[in-house]
Amino acid sequence: MSTGSERLLAATRRQPVDATPVWFMRQAGRSLPQYRSLRQRFSFLELATNSELCVDITCLPVELLGVDAAVVFADIMLPLQGMGVAFEIREDVGPVIADPIRSAAQVERLRVVEAEEATPYLFPAIRGARDRLGARAALVGFGAAPFTLACYLVEGRGSRDYPRVRSLIHSEPELWERLMGTLTEVLARYLIAQGRAGADVVQLFDSWIGVLDRATFARHVAPHLRSLIERLRPVVPVIYFSTASAHLLDLIAATGPDGVSVDWRVPLGEAWETVGHHRFIQGNLDPALVLAPWPVLEEAARAVLSEAGQRPGHVFNLGHGVLPNSDPDRLRRLVELVHGHSGSRLDPPGTGLAD
Ligand code: CP3
């Protein structure tokens with residue numbers, strides 16, 4: 001039997017596995033009672049900046065749920081600390097930027113610093129988690145993709161469809177270019193440093209890219225994404241995650257990630273067809289189904305596995321983060337189900353080796 005880390009890494013190389021690897025986005029910091037009790041004593045930022053607690057929280061889901069990967073306990077906003085951007089994480093609101101970026105002068109003032117200087121606590125945490133996990137589980141590092149970080153910087157906080165960002169792109173394309181260039185540089189350093197510290201794979205969270213039309217994505221975002229991915233891939237494999245982006249999947253694939261993580265709005269088989277079977281695919285159970293009665297959840301999870309069709313290169317995940325009121329016991333049972341009823345073959349039925 002393979003270890004979690006072997007399974008996950010084999011899937012990222014599209015090699016056959018004895019069972020489909022599985023992990024969940026936001027598996028550490030949302031529904032686990034152990035995390036919630038730590039949060040009674042510490043704020044999120046106090047936890048994230050404490051390397052030892054960070055290792056504990058990162059490894060918790062591997063111990064409790066049996067997942068094949070741990071995701072580093074951090075946040076997409078952390079690199080902003082090094083850039084000189086003040087923000088807070090407000091209860092029930094999420095990240096809030098003190099002084100949203102709307103002018104060229106503000107973009108000029110953004111600092112580009114080395115990752116170790118910007119987030120010194122993160123790299124000991126990655127090395128510690130890598131050590132503690134051993135072969136039991138792979139370690140997923142992450143950051144925002146430049147567009148999603150720009151969304152928070154410009155809008156100032158989360159929004160339904162980021163109107164200020166969309167208008168800035170078109171009214172001040174040069175300012176937008178400079179902002180995306182700076183963010184791409186910071187994120188490249190941040191994610192390369194995570195790979196060097198021991199992350200086995202890194203995931204780019206482009207949670208809000210779905211608000212863009214194809215032409216805007218192709219012209220104002222894709223070139224930055226492509227250059228970021230090109231810099232990362234020699235160091236560490238890259239998963240690109242987004243939601244509500246079925247209309248962009250072919251353009252996303254063309255930016256060159258090793259794997260693409262899709263949400264539940266698109267059938268996994270169809271998404272895989274679009275991004276190409278030479279990439280691995282991750283997803284895509286609706287996180288709301290974890291709250292449904294078990295037989296409903298079980299049927300939906302089997303449907304996701306069947307969409308993958310025993311093709312090598314499927315990493316089972318939810319289509320977005322674990323919802324806060326999910327029952328950890330449910331998640332554990334879901335991991336067992338995926339491990340018990342899956343696996344991939346070199347020649348999945350009806351596809352042939354040359355596929
Ligand atoms: O399991 C994990 O916690 C893994 C680490 C992780 C966090 N954030 C910790 C966190 C990951 C992978 C993220 C990604 C993240 N952060 C994304 C992309 C994924 C997605 O859901 O689309 C985004 C958009 C953010 C921005 C962000 N940070 C938001 C919207 C919030 C508000 C609260 C929430 O849980 O969504 C945060 C704060 C945050 N990030 C917390 C944690 C554990 C705080 C939760 C708490 O108060 O305890």
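**Spaces, linings and a ligand**

Modeller: Start with the largest cavity: α7 (115-118) and α11 (173-197) each give at least two residues to its lining. Helices (H or I, at least four residues) and strands (E, at least two) are DSSP runs, numbered from the N terminus. The model is predicted, so local features need pLDDT of at least 70 and side-chain atom pairs pLDDT 80 or more, while totals for chains, interfaces and linings use all residues. Residues are numbered from 1 along each chain as its sequence is written, and side-chain values use heavy atoms, with hydrogens and water left out.

Biologist: Which residues line the largest cavity?

Modeller: On a 1 Å grid over the protein atoms alone, a cavity is a set of points where a 1.4 Å probe fits but cannot get out; a pocket is an open set with protein on both sides within 12 Å along at least five of seven lines; lining residues have an atom within 4 Å of a point. Here the lining consists of Pro-79, Val-113, Glu-114, Ala-115, Ala-118, Thr-119, Val-186 and Tyr-190. It divides into 6 nonpolar, 1 polar and 1 charged. In this count Ala, Val, Leu, Ile, Met, Phe, Trp, Tyr, Cys and Pro are nonpolar, Asp, Glu, Lys and Arg are charged, and the others, Gly among them, are polar.

Biologist: What volume does the largest cavity have, and how many cavities does the structure hold?

Modeller: A volume is the space filled by probe spheres set on the grid points, which are joined across faces, edges and corners. The largest cavity has about 50 Å³. There are 2 cavities of 30 Å³ or more.

Biologist: How many residues line the largest pocket?

Modeller: That pocket has 43 lining residues, with Arg-26, Gly-29, Arg-30, Asp-75 and Ile-89 nearest its centre. Its space comes to about 1400 Å³. The elements that each supply at least two lining residues are α2 (33-41), α3 (44-48), β2 (87-90), β3 (94-97) and α9 (146-155). With 4 residues, α2 gives the most. The lining holds 23 nonpolar, 11 polar and 9 charged residues.

Biologist: Where does the ligand sit?

Modeller: A molecule sits in a pocket or cavity if more than half of its atoms lie within 2 Å of the grid points. By that test, the ligand sits in the largest pocket. A residue is near a molecule if one of its heavy atoms lies within 4 Å of it. The ligand has 23 such residues around it, and Arg-30, Tyr-35, Arg-39, Ser-207 and His-320 are the closest. Their classes are 14 nonpolar, 5 polar and 4 charged. Both α2 and β3 supply at least two residues of this shell.

Biologist: Which polar side-chain atom lies 2.6 Å from an oxygen atom of the ligand?

Modeller: A polar contact is a pair of N or O atoms within 3.5 Å; within protein, one must be able to donate a hydrogen and the other to accept it, and residues adjacent in sequence count only if both atoms are side-chain atoms. The atom you ask about belongs to Arg-39. Arg-26 has a polar side-chain atom 2.7 Å from a ligand oxygen, and His-320 has one at 2.7 Å from a ligand oxygen. Alone, the ligand exposes 830 Å², and the protein buries 88% of that; accessible areas come from the Shrake-Rupley method with a 1.4 Å probe, and for residues only the protein chains shown count as cover.
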